[in-house]
Amino acid sequence: AFVVTDNCIQCKYTDCVAVCPADAFHQGPNFLVINPDSCIDCDLCPVECPAEAIYQEDDVPEDQKDFIELNAELAKTWPVITEVIPAPADAEQWDGIPNKIENLII
Ligand code: SF4
Ligand code: F3S
């Protein structure tokens with residue numbers, strides 16, 4: 001499955017959800033995750049993400065590995081999102097800031 005990682009937090013552009021044929025994205029207040037049980041590994045979403053936050057499970061950077069389990073866990077309770085919504089007003093200023101996990105709202 002594909003995995004959403006740290007740089008999505010507080011950017012949440014949602015461009016990714018528009019291309020997903022499997023309705024695999026689930027949303028929380030300031031982050032999206034991919035449900036590994038839904039993702040069919042089509043590889044369409046990574047290139048759509050302006051924050052470059054999506055990786056194939058095997059390619060997740062070493063310091064982001066916890067996001068594999070986090071995506072699976074949060075997808076159990078967060079609702080599916082299939083339509084693009086406006087990004088937060090301050091999304092651009094958060095793009096590239098490390099360790100945004102500290103600001104994750106569950
Ligand atoms: Fe959806 Fe394909 Fe991305 Fe999986 S890889 S989340 S199926 S767009
Ligand atoms: Fe997040 Fe990128 Fe989608 S910022 S919401 S993974 S387009």
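Me: Which residues surround ligand 2?
Reply: This is a predicted model, and in it ligand 2 has Val 4, Cys 8, Lys 12, Tyr 13, Thr 14, Asp 15, Cys 16, Leu 32, Cys 49, Pro 50, Ala 51 and Ile 54 around it.

Me: How do the residues of that shell divide into nonpolar, polar and charged?
Reply: The shell of ligand 2 has 9 nonpolar residues, 1 polar and 2 charged.

Me: And what space does ligand 2 take?
Reply: Ligand 2 takes up the second largest cavity.

Me: Ok, Cys 8 then. Where does Cys 8 lie?
Reply: You'll find Cys 8 in the loop that runs between β1 and α1 (15-19).

Me: Does Cys 8 count as buried or exposed, and why?
Reply: Buried, because its relative accessibility is 9% and the cut-off for buried is under 20%.

Me: What does Cys 8 touch, leaving out residues up to four places away in sequence?
Reply: Asn 30, Phe 31, Leu 32 and Ala 53. Leu 32 also belongs to the surroundings of ligand 2.

Me: Switching to ligand 1: where does ligand 1 sit, and which residues are around it?
Reply: Ligand 1 is in the largest cavity. The residues around it include Phe 2, Phe 25, Ile 34, Asp 43 and Cys 45. Its shell splits into 11 nonpolar, no polar and 1 charged.

Me: New topic. Which residues of helix α2 are buried?
Reply: In α2 (residues 66-75), those are Phe 67, Leu 70, Asn 71, Leu 74 and Ala 75. They span an arc of only 120° around the axis, so they lie on the same side of α2.

Me: Why would that spacing work in a helix?
Reply: An α-helix has 3.6 residues a turn, so residues three or four places apart point the same way.

Me: What covers the buried residues of α2?
Reply: The cover includes β1 (2-4), β2 (25-27) and β3 (32-34).

Terms used. Residues numbered from 1 in each chain as written. Chains lettered and ligands numbered in written order. Predicted model: local features only at pLDDT ≥ 70, side-chain atom pairs only at ≥ 80, totals over all residues. Heavy atoms only, no water. Near = heavy atom within 4 Å. 1 Å grid on protein atoms, 1.4 Å probe; cavity = no way out; pocket = protein on both sides within 12 Å on 5 of 7 lines; lining within 4 Å. Sits in = over half its atoms within 2 Å of the grid points. Nonpolar A, V, L, I, M, F, W, Y, C, P; charged D, E, K, R; others polar. Buried < 20%, exposed > 50% of the residue type's maximum accessible area, 1.4 Å probe, protein only. Helix = DSSP H or I, 4+ residues; strand = E, 2+ residues; numbered from the N terminus. Arc of directions from axis to C-beta. Contact = heavy atoms within 4.5 Å.
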